[in-house]
Amino acid sequence: MSFQLTVLKVLAGQPAGRASVAELRHAVEILMNSGRDWTDRMKRLAEHAPDLNIFSAKLVLRDVEGWEITEDGRRFLSTLETAVAVRRQSPRSLAAPASSEPVERSEDAAKKPDLPRGRGRRPRHRRERDRPNRRAV
């Protein structure tokens, strides 16, 4: 049903929420062929509305001039996008503070850059004087 969700998105993006069939077909074709980002986004939305029928649910109206998204269609789309956005947020770590107050950091911790461990901490090995350079032939 990602095609129907694409139709909803296109109509919601129109100034009056309305488009002719030709305009709609053109916009949907561009979006459906635009790459994996759009396809994946619509699949995520479709997971939350597997049996969607935009016409029987009265989310889109059809007439001789074209198609138009209804207010129910706009609310449905907004609710669906919010649900997907909330689901994609990573759960808060158990170690994270529960309050909304910022975590205090010491000035020293803020100034030190995070260096990879083990790098720059080992002593450098020097070549013995009577041992030839490996690269020399």
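The face of helix α3 turned away from its buried side carries Arg36, Asp37 and Glu47, which are exposed. Exposed here is over 50% relative accessible area, buried is under 20%, and partly exposed is in between, with a 1.4 Å probe and protein chains only. This is a predicted model, where local features need pLDDT of at least 70 and side-chain atom pairs count only at pLDDT 80 or more, while totals for chains, interfaces and linings use all residues. Residues are numbered from 1 along each chain as its sequence is written, and side-chain values use heavy atoms, with hydrogens and water left out.

Staying with α3, the helix covers residues 36–47. Helices are DSSP runs of H or I with at least four residues, strands are runs of E with at least two, and both are numbered from the N terminus. The buried residues of α3 are Trp38, Met42, Leu45 and Ala46. Seen down the helix axis, these buried residues fall within an arc of 100°, so they line one face of α3; the arc is taken from the directions from the axis to the C-beta atoms. From first C-alpha to last, the 12 residues of α3 reach 16 Å, close to the 16 Å expected at 1.5 Å a residue. That expected span is 1.5 Å times one less than the number of residues.

Next, helix α1. Its 12 residues should also span 16 Å at 1.5 Å a residue, and the end C-alpha atoms are 16 Å apart, which agrees. Its buried residues are Gln4, Leu5, Thr6, Val7, Leu8, Val10 and Leu11. Take Thr6, which lies in α1, residues 2–13. Its relative accessible area is 0%, so Thr6 is buried. What is Thr6 in contact with, leaving aside its neighbours within four places in sequence? The list is Val28, Leu31, Met32, Trp38 and Met42, where contact means heavy atoms within 4.5 Å. Trp38 and Met42 are among the buried residues of α3.

Now the sheet. It is open, has 3 strands in the order β1-β3-β2, and the pairing is antiparallel. β1 and β2 stand at the edges with a single partner strand each, so one side of each has no neighbour in the sheet. Two strands pair if DSSP finds at least two bridges between them. β1, residues 18–19, is joined to β3, residues 66–69, by 2 bridges. Arg18 stands opposite Glu68, and Ala19 has Trp67 as its bridge partner. Asp63 stands opposite Gly66, and a hairpin through 2 residues joins β2 to β3.

Last, the rings. The structure holds 1 aromatic pair. Phe55 and Trp67 form that pair, edge-to-face, at 5.1 Å centre to centre and 85° between the planes. Rings of Phe, Tyr and Trp (its six-membered ring) pair with centres within 6.5 Å; planes under 30 degrees apart are stacked, over 60 edge-to-face, and the rest tilted. Phe55 is in the loop between α3 and β2, and Trp67 is in β3, 12 residues apart. Trp67 is buried at 17%, whereas Phe55 is partly exposed at 23%. Arg62 lies over the face of Phe55, at 3.8 Å from the ring centre. The criterion is NZ of Lys or CZ of Arg within 6 Å of the ring centre and within 35 degrees of the ring normal.
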